[in-house]
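Okay, thanks for coming, everyone. Let me put the structure up on the screen, and then I'll walk you through it.

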Amino acid sequence: QVQLVESGGGLVQPGGSLRLSCAASGLIFRINAMGWYRQTPGKQRQLVAHITRGESTNYADSVKGRFTISRDNTKNTVYLQMNSLKPEDTAVYYCNADLWTSRGLNDDYWGQGTQVTVSS
């Protein structure tokens, strides 16, 4: 079994910062790409940021210059540093990992989500 556990969400004022973390654990052989997505009620889940194993990154236009994705392969962990937060960044943030399990299976895995609320 594989688990992704997010942490770091919460309530922050506009202009503030938060750092999300997502740790993968279980029968993992190798993690390929990792990413952060977000979802608001009634809308589809959307990509926020993505990072390959080689640490190539891409971002949604709405977060470029404000958010930074990074990863620590030794800890099977991905991070999302969010600065200059805006009310429109309010959403549930989900971690995603494309990985190979130790049983030779390749699949996408998701975390349970963490709420980020930007409000004064």
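You'll find S84 in the loop between β8 and β9 (91-101). Its phi is near 50°, a positive value in a residue other than glycine.

There's another one like that to look at, N76. N76 also isn't a glycine, and it has a positive phi of about 50°. It's in the loop between β7 and β8, and at 24% relative accessibility N76 counts as partly exposed.

Quick housekeeping. This is a predicted model, so to speak of local features we need pLDDT of at least 70, and side-chain atom pairs count only at pLDDT 80 or more, while totals for chains, interfaces and linings use all residues. Residues are numbered from 1 along each chain as its sequence is written, and side-chain values use heavy atoms, with hydrogens and water left out.

Now the whole chain. How many helices and strands are there? Zero helices and 11 strands. Those are DSSP runs numbered from the N terminus, with helices being H or I of at least four residues and strands being E of at least two. The radius of gyration is 14 Å, close to the 14 Å that the globule rule gives for 120 residues, so the chain is as compact as a globular protein of that length. That radius is taken over C-alpha atoms, and the rule is 2.2 Å times the number of residues to the power 0.38. Along its principal axes, the C-alpha trace spans about 45 × 25 × 25 Å. Buried residues make up 41% of the 120 in the chain.

On to the sheets. Strands of a sheet pair through backbone hydrogen bonds, either parallel or antiparallel. Here, two strands pair if DSSP finds at least two bridges between them. Four strands form an open sheet in the order β1-β3-β8-β7, with antiparallel pairing. At the edges stand β1 (2-7) and β7 (67-72), each with a single partner strand, so one side of each is left without a neighbour in the sheet. Inside that order, β3 (residues 18-26) and β8 (residues 77-82) pair over six bridges, and C22 stands opposite V78 in β8.

Next, have a look at β9. Which strands does β9 pair with? Nine antiparallel bridges join β4 to β9, with I31 opposite L99. Three bridges link β9 with β11 (residues 114-118), again antiparallel, and there A91 stands opposite V116. β9 and β10 form a hairpin with four residues between them, and G104 in the turn has a positive phi of about 85°.

Last stop, the aromatics. The structure holds one aromatic pair. The rings of Y37 and W110 have their centres 5.0 Å apart and their planes at 65°, so the pair is edge-to-face. For the cut-offs, rings of Phe, Tyr and Trp (its six-membered ring) pair if their centres lie within 6.5 Å, and planes under 30 degrees apart count as stacked, over 60 as edge-to-face and the rest as tilted. Y37 lies in β4 (residues 28-39) and W110 in β10 (residues 106-110), so the pair ties together parts that are 73 residues apart in sequence.

Methods
Buried < 20%, exposed > 50% of the residue type's maximum accessible area, 1.4 Å probe, protein only.
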